[in-house]
Amino acid sequence: MRRSAASKKKSDSITTSTTDLFRSASSKATTKEMDRIDHLFNQYANISSNLIDPEGIEELCSNLEVSHTDIRILMLAWKMKAEKQGYFTQEEWRRGLKALRADTINKLKKALPELEKEVRRQSNFADFYAYAFRYCLTEEKQKSIDIETICQLLDIVMGSTFRAQVDYFVEYLKIQNDYKVINMDQWMGFYRFCNEISFPEMTEYNPELAWPLVLDSFVEWISEKEA
Amino acid sequence: MEPKIIDFEQGWDYIETGITAMKRQFEVPVPEITPEHILDLYTAVYKMCTQRSPHDFSSQLYQKCCETMEEYMNSTVLPALNEKLGDEYMLLRELLKRWSNHKMLVRLLSAIFHYLNRYFIVRESLPSIEKVGMGYFRDLVYNKIQCKVREAVLALVDKEREGEDIDRKLMKRVLEFYVEIGMERYEQDFETFMLKDTASYYSRKASSWIQEDSIHDYIFKSEQCLQKEKERVSHYLHFSSEPNLVKVVKHEFSVVHENQILEKTHAERQISLGPLAKIFKQHVTDTTINAKEQVLIRKVIELHEMYMVTECFQNHTLFHKDLKRAVAGSDALLATFCDRIILKKWGSEELSDEDIEKVVIFLAYISDEKDIFAEFYRKKLALRLLLNRGVSDDHERSILTKLKQQNRGQFTFKMERMMTDLTLSRENQNSFKEYVASYNHVAKPGIGLTVTLLTSGIWPSYKTFGINLPNEMVKCIEVFKEFYETKTKGRKLTWIHSLGTCHVNGQFDQKPIELIVSTHQAVVLLLFNTKDKLSYNDIQTQLNVGHEDLVWLLYSLSCGKYKILIKEPATETVSRTDVFEFNSKFTARMCRVKIPLPHVNDRKKVIEDVDKDRRYAINATIVRIMKGKKALGLQQLVSECVEQLNQMFKPDIKAIKMRIEDLITRDFLERDRENPNIFRYLA
């Protein structure tokens, strides 16, 4: 039975308009979300540079009720793929908050535990760990980080999961004289060390393998301490 | 008219007569055959070969020629040799005579039958007359008597070994004969047996000597035997026999009696290295060479004879390890010892240049970490060269040449360059002199300046400190700079005044004395030309020298053996409140006095330098290996590194790991993502 063209049109127009409505609603929603994100950005950003600078980040942290040395801020930076330590650009901000679906401070606060879970997934953590190192390279051609910063970073990044290893390693780094800086290879080596070697027995550790020398010395130092 | 056809019988008759005459010539030294005759014979052959068939007798002539040679071997040559079998010399002489005759006969026959050789033989693909002749000699003569010939030769060789004089020229010709017959014959019929004979000869000798003689004498005798055998090769054996011969001798002496040698060594304690090492360590730090040290030197020279010169035992594992163990860790001491030996040819017992060389070479040989030894040696050498001490240039060069032969790689590179620098410097100085002489400028430099140019990087780096030079010196330096600019552009001159020497005339009350001082010392002294008394502060202000260095300078001039300056107060040390006065009352027995400034030995610096060099070396080696292999596991990289650097030092795994990490930071290498034990080369 042939339907009347007019009625088809009618239904068409209804469908179309619904789609349109839906589309415009979601885009409106998206645009609205983005607006809110931008609005949030502006609350913390420095007007002249259009970046959230260290001051802004501190304010953000206090609003989120986390310390600015909390690992979750670092995780947030990771989610944003922020390049420069202490600064968030608008693009980075948008990227991070959009991914977290947070457009208000409260939503952002609520998103943090979920973010942490995500980062701590084995598949992501190595990447996050490497990111943490890179994030601290402030100068252009810088390849290594000074011992003091490394100690702080270790505490932040690995302190909750590998407390003992971090404590011992930090102690060692502070008293030794051979190394004034740590490079990416050594940094990643420590991560492997925590994951592969039982602590404090360290029976699996073999200095003849290609462990970074600083870890060889670290292990030696521990065994001398125990003796 | 047609030329007359020569009939075969006739023709051959004629030819045969000629040949017989030739043969007779060998027996009776009367020339029976003339060149014209030969030509006639040739013509006869020619005719007989070019006559038209059936008178072309090429084939028959060929046959007859061969037969006549064959017949000659059997009827004359072999019997003649068989007669002489009883006496070695007679046999060998006869052999050579017959061989020589044979060659001549073949030559003559080839000449006469030349036409045959050229056409008939080629056409019929037959062996040439020469070939046939040689074949006959070999098969019909040589093969029959070669055993006897060999026995004769070896008997003479043994006689010579026992000390008898033999006819070497004859021997040489006999062995040349072997080679002419064929190198294979030389090797199979002679050399093999000669080597066997040598082995059994020396086996007997070695067995009896090892029982009777001291280890010292045994080693020396073995060396003498080896030497004699080598001489034998040069006198008459074929040169290709040398390696095998040497091998046999060495084997009989060192390998066969290895255990006994070891026992003897320990039993006799003649080469006990423990006490030797102790003496080294004790006495090298003494400043005077005493009797005990003389004994030590003698011992080292003895050891040199034994280990370096006696090829039989060189690098023999038995001794090598012992030696190195005894002096492990003393490389710096060894080099210092070398320096002292070279500098002091002492009193009662003069050491010859050769002796000094032996000691140096030996000590270099036994040093364990060659790069430390080399570095200390280089530093000492530099001072010897720059301060004109020690032995002649030729002698230093001779030592360097021997060190170079002994050690592969870069051991002597810098040192040789240093010596070249000095030679160039001297040439340069001559040009400079000429330049100054032709200097038209009014302000010609008033004092003579001799400059030694050192290429940076080749010489050890020397510390020097700046000082405000007096005008006279400044002028000199300016002139030299000008001169140097004319020779080369764009080079920077850094003046090392701490190594410079000045001759300063001191007008003292009693008599003028020439003072030989360092440049720095001279500058201090010259201040006193304007004022007799100067305070420490005055001096420091005028010269702009750091406190430590100035104290050192003033000390040498006022508190040492020769007090050119009087220090107030006359305490043992120099302080900032001191005042210095020109000591006009100074005098000495000689008219020329050297005021020494002790050079800091800076041993720590040398070790630092060596460590630095080692780091570069390891880096370069790792890069080289990784460039080739692209990816390599740590263990393999370490073992390859150790192997490549083994000549100079043994790098430990820690050092290598450190360098790898450095290379990772510098983006030469990266760790493999999958397997952290593997490294990759980053292009």
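**Exercise 1.** Work out how many residue pairs are in polar contact between chain A and chain B of this predicted model, and which elements of chain A take part in the interface.

*Solution.* Start with the criterion: a polar contact is a pair of N or O atoms within 3.5 Å; within protein, one must be able to donate a hydrogen and the other to accept it, and residues adjacent in sequence count only if both atoms are side-chain atoms. With both residues at pLDDT 80 or more, the count is 13 residue pairs. Next, look at who supplies the surface: helix H9 (184-196) and helix H10 (213-226) of chain A each give two or more residues to the side that touches chain B. Helices here are DSSP runs (H or I, at least four residues).

**Exercise 2.** Find the number of salt bridges between the chains, and describe the one made by Asp185(A).

*Solution.* Search for a side-chain nitrogen of Lys or Arg within 4 Å of a carboxyl oxygen of Asp or Glu. That gives 3 salt bridges between chain A and chain B. In one of these, Asp185(A) meets Arg671(B) at 2.6 Å, N to O.

**Exercise 3.** Determine how much area the two chains bury.

*Solution.* Take the accessible area (1.4 Å probe) lost on putting the parts together, summed over both.

**Conventions.** Residues are numbered from 1 along each chain as its sequence is written, and chains are lettered from A in the order in which they are written.

Methods. Predicted model: local features only at pLDDT ≥ 70, side-chain atom pairs only at ≥ 80, totals over all residues. Heavy atoms only, no water.
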